[in-house]
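Please keep the sequence and the 3D view at hand while reading.

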Amino acid sequence: MGLLELSAAREKHEEFCVPMIMVPATVSNNVPGSDFSIGADTALNTITDTCDRIKQSASGTKRRVFIKTMGGYCGYLANMGIAAGADAAYIFEEPFDFEDLQGGAPSPFDRNFGTKISARAMEWITAKLKEAQGRGKTLTTDDPVCVLGISKTNVIFQPVAELKNQMDFGHRIPKERWWLKLRPLMKILAKYKASYNV
């Protein structure tokens with residue numbers, strides 16, 4: 001959405017007539033034009049690790065699980081949860097760091113993906129700047145504003161003007177999500193009563 005607004009403002013503001021590219025980086029993995037976003041693999045690893053810990057802690061001698069409460073920046077609910085049998089409460093009022101929580105360093109996939117896609121983005125921007133040398137103040141007016149994504153095994157540059165029709169801006173998700181085809185299989189693996197008829 002930001003790139004669409006910047007590209008639409010090019011007619012009034014020549015400062016925006018520069019190469020623009022977006023590298024998808026969000027744990028939500030909700031960027032149209034890319035099957036994967038930097039951070040999504042790390043998030044999945046954290047979820048897997050957390051699920052394993054919940055299973056282990058629930059079956060351990062202490063029989064405990066971790067629960068997230070509502071409350072935003074107010075630690076009342078989490079703190080008072082100790083009265084309900086909680087062992088610890090991580091609250092805004094008392095600083096804590098990553099060592100105190102589940103989670104950690106980026107996954108090898110995200111590190112590799114982030115490095116490769118960022119390098120490709122810089123190559124693209126450098127090439128666009130070299131093409132524009134000698135044209136004066138305005139670098140470009142007709143170059144597309146792109147999302148650099150990965151589709152299957154291909155790294156692709158896609159203009160945001162084409163991608164805007166593929167986006168559900170109200171829900172902040174692409175209209176087509178490739179991973180929805182995996183839902184029946186996930187239910188079977190989770191031992192739901194389901195069949196794999198697609």
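## The main nonpolar core

The largest nonpolar core has 9 residues, namely I21, I38, F113, I117, A121, W124, C146, L148 and I150. A nonpolar core is a set of buried Ala, Val, Leu, Ile, Met, Phe, Trp, Tyr and Cys residues joined through side-chain atoms within 4.5 Å. Buried means under 20% relative accessible area, exposed means over 50%, and partly exposed lies in between (1.4 Å probe, protein chains only). The elements α4 and β2 each give two or more residues to this core, and α4 gives the most, with 4 residues. Helices (H or I, at least four residues) and strands (E, at least two) are DSSP runs, numbered from the N terminus. Apart from this core lies another one of 7 residues, including L3, V147, V160 and L163. In soluble globular proteins, nonpolar side chains tend to be buried together.

Which residues does W124 contact? Leaving aside neighbours within four places in sequence, W124 is in contact with P19, M20, I21, P144, C146 and F157. Contact means heavy atoms within 4.5 Å.

## Basis and confidence of the model

This is a predicted model, in which local features need pLDDT of at least 70 and side-chain atom pairs count only at pLDDT 80 or more, while totals for chains, interfaces and linings use all residues. Residues are numbered from 1 along each chain as its sequence is written, and side-chain values use heavy atoms, with hydrogens and water left out.

The pLDDT is the predictor's confidence in each residue, from 0 to 100. The chain averages a pLDDT of 77, and 70% of the residues score at least 70. Among the elements of the chain, helix α3 (residues 76-80) has the lowest mean pLDDT, 65, whereas β1 has the highest, 91. Where pLDDT is low, the predicted coordinates should not be read in detail.

## Overall composition

The chain contains 6 helices and 5 strands. From the N terminus on, its elements follow the order α-β-α-α-α-β-β-α-β-β-α. Of the 198 residues of the chain, 25% count as buried. Among contacts between residues at least 6 apart in sequence, 49% join residues at least 24 apart.

## The sheet and its helix

An open sheet is formed by 3 strands in the order β1-β2-β3, with mixed pairing. The edge strands are β1 (21-22) and β3 (154-159), each of which pairs on one side only. Helix α4 (residues 108-131) packs on the sheet and touches β1, β2 and β3; its direction makes about 140 degrees with that of β2. Axes are lines fitted to C-alpha atoms, for helices over the stretch in contact, and angles run from 0 to 180 degrees between N-to-C directions.

Strands of a sheet pair through backbone hydrogen bonds, either parallel or antiparallel. Two strands count as paired if DSSP finds at least two bridges between them. Strands β1 and β2 run parallel and are joined by 2 bridges; the bridge partner of I21 in β2 is C146. Strand β2 (residues 146-151) and β3 run antiparallel and are joined by 6 bridges; here V147 has Q158 as its bridge partner in β3. The hairpin of β2 and β3 has 2 residues between the strands, and K152 takes a positive phi near 55 degrees.

## Strand β2 and L148

Why is β2 described as largely enclosed by the rest of the structure? The reason is that 5 of the 6 residues of β2 are buried. L148 lies in this strand and counts as buried because its relative accessibility is 0%. The C-alpha atoms of L148 and S118, 30 residues apart along the chain, are separated by 9.0 Å.

## Two residues of helix α2

T42 lies in helix α2 (residues 40-59). This residue, T42, counts as buried because its relative accessibility is 15%. Not counting residues up to four places away in sequence, T42 touches A105, P106, S107 and D110. The side chain of T42 also makes a polar contact with the side chain of D110 (2.6 Å). A polar contact is a pair of N or O atoms within 3.5 Å; within protein, one must be able to donate a hydrogen and the other to accept it, and residues adjacent in sequence count only if both atoms are side-chain atoms.

D49 is also placed in helix α2. With 29% relative accessibility, D49 counts as partly exposed. The C-alpha atoms of D49 and Q102 are separated by 7.9 Å, and these residues are 53 apart along the chain.
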